Amino acid sequence: MEKKVTVIIPNYNGLKFMEPCFKALEAQSDKNFELLVVDNGSTDGSVEWLKDRNIPSVFLEKNTGFSGAVNVGIRHAKTPYVILLNNDTEPEPDYVEELVLAMDRSPKIFSVSSRMIQLYHKELMDDAGDMYSILGWAYQRGVGQSIRGYQKPRTVFAACAGAAIYRRDVFEEIGGFDEAHFAYLEDIDVGYRAKIYGYENVYCPAAVVYHVGSGTSGSKYNSFKVRLAARNNVYLNYKNMPVLQLLVNLLPILAGTFVKYLFFKKIGFASDYMEGLSEGLRTAKNTRKVPFRMSHLGNYFRIEGELIFGTFLYIWEFLRRKLKIFRSY
């Protein structure tokens, strides 16, 4: 049977995660998939581990970031679909099967986001699809909420690339993951681009994967992550919003930026955040901006509506988390 999907695992010094991840893949109900690891110049023994087990791999000489690694994997893949899977994940047995079934439902679906659950707190969600807001805030839908929710399929702004499936030929139309991002927000960016071109990103609750989270960067917040995310946030808006949309959204974006600055100041990363913003403003002109086309005008209006909705959804989920914490006392 001709294979429909290639599972691409980007790896950078993730040897400690390899065994459980590959064990979960071996247990898949649908074994009709290709497997490819793209190693980003690891020095922790990952290369030797992969070679000893004859796992199909591409070995890069240096760390090209998440975007660079998955682009290499996508170019090597020959199947109609590609699954991008972080090494710090453990998918349930029907994970691959459910993602393929979800993609088969419509040729207008670009990506399908899985139901990501926290590996060390299996009663809590990690991600039910990524969202974006008019404030310029990207966030994981459902993060920290009970797994009792988020059990219905729905459209989302973008798929979390840590455990999602993509239609490979669409990358040829809209471009691959932007390597200027290196890491962070690159999945929101490519999902945003797909929406401009009229494609959909959806959430499939039947495809379940357990996720460690921050397996490569090592923590939820650190200087590297805060700086890159701030820079990439500038790229994200500049590249995907036409000038008029940027002007319309300027005040909410500035307000969102100020609130984020106050947050990072409180936890000791204000200078990293400002450095990232400064770098983003200086170098945004060097990134690949999505060309404006009148044929996409209706898509831009729909996206603007989603950005507004995403803001209210963020507030709602934030309040739910806070109320949960309050009740726990």
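Mentor: On a 1 Å grid over the protein atoms alone, a pocket is an open set of points with protein on both sides within 12 Å along at least five of seven lines, and a lining residue has an atom within 4 Å of a point. Rolling a probe the size of a water molecule over the atoms shows where empty space is left. This is a predicted model, in which local features need pLDDT of at least 70, side-chain atom pairs count only at pLDDT 80 or more, and totals for chains, interfaces and linings use all residues. Residues are numbered from 1 along each chain as its sequence is written, and side-chain values use heavy atoms, with hydrogens and water left out.

Trainee: Which residues lie nearest the centre of the second largest pocket?

Mentor: Val234, Asn237, Ile253, Thr257 and Leu281 do, out of 20 lining residues. Two or more lining residues come from each of helix H7 (223-240), helix H8 (243-266) and helix H9 (270-283). Helices here are DSSP runs (H or I, at least four residues), strands likewise (E, at least two), both numbered from the N terminus. H8 gives the most to this lining, eight residues.

Trainee: How many residues of the lining of the second largest pocket are nonpolar, polar and charged?

Mentor: The lining has 14 nonpolar, five polar and one charged. Ala, Val, Leu, Ile, Met, Phe, Trp, Tyr, Cys and Pro count as nonpolar, Asp, Glu, Lys and Arg as charged, and the others, Gly among them, as polar.

Trainee: Are H7 and H8 roughly parallel or roughly antiparallel?

Mentor: Two packed helices are described by the angle between their axes and the distance between the axes. Axes are lines fitted to C-alpha atoms, for helices over the stretch in contact, and angles run from 0 to 180 degrees between N-to-C directions. Angles under 35 degrees count as roughly parallel and over 145 as roughly antiparallel. The axes of H7 and H8 cross at roughly 175° and come within 11 Å, so the two helices are roughly antiparallel. Contact means heavy atoms within 4.5 Å. On the H7 side it involves Val226, Asn233, Asn237, Tyr238 and Asn240, and on the H8 side Gln245, Leu246, Ile253, Lys260 and Phe264. Five of these residues are nonpolar, four polar and one charged.

Trainee: At what angle do the axes of helix H6 and H7 cross?

Mentor: The axes of helix H6 (residues 186-196) and H7 cross at roughly 10° and come within 10 Å, which makes H6 roughly parallel to H7. Ile188, Asp189, Tyr192, Arg193 and Ile196 of H6 meet Leu236, Lys239 and Asn240 of H7. That contact has four nonpolar, one polar and three charged residues.

Trainee: Now single residues. Is Phe22 buried or exposed?

Mentor: Buried means under 20% relative accessible area, exposed over 50%, and partly exposed in between (1.4 Å probe, protein chains only). Phe22, in helix H1 (residues 15-26), has 7% relative accessibility and so counts as buried. Beyond neighbours within four places in sequence, Phe22 is in contact with Ile9, Leu35, Val37, Trp49, Leu50 and Ile55.

Trainee: Where is Val38 found?

Mentor: Val38 is in strand E2 (residues 33-39), and its 0% relative accessibility makes it buried. With neighbours within four places set aside, its contacts include Ile8, Pro10, Val58 and Ala69.

Trainee: Which residues does Ser133 touch?

Mentor: Not counting residues up to four places away in sequence, Ser133 touches Leu307, Gly310 and Thr311. Ser133 sits in the loop between strand E8 (130-132) and strand E9 (138-140) and is buried at 2% relative accessible area.

Terms used: On a 1 Å grid over the protein atoms alone, a cavity is a set of points where a 1.4 Å probe fits but cannot get out, and a pocket is an open set with protein on both sides within 12 Å along at least five of seven lines; lining residues have an atom within 4 Å of a point. Angles under 35 degrees count as roughly parallel, over 145 as roughly antiparallel, 65 to 115 as roughly perpendicular and the rest as oblique.
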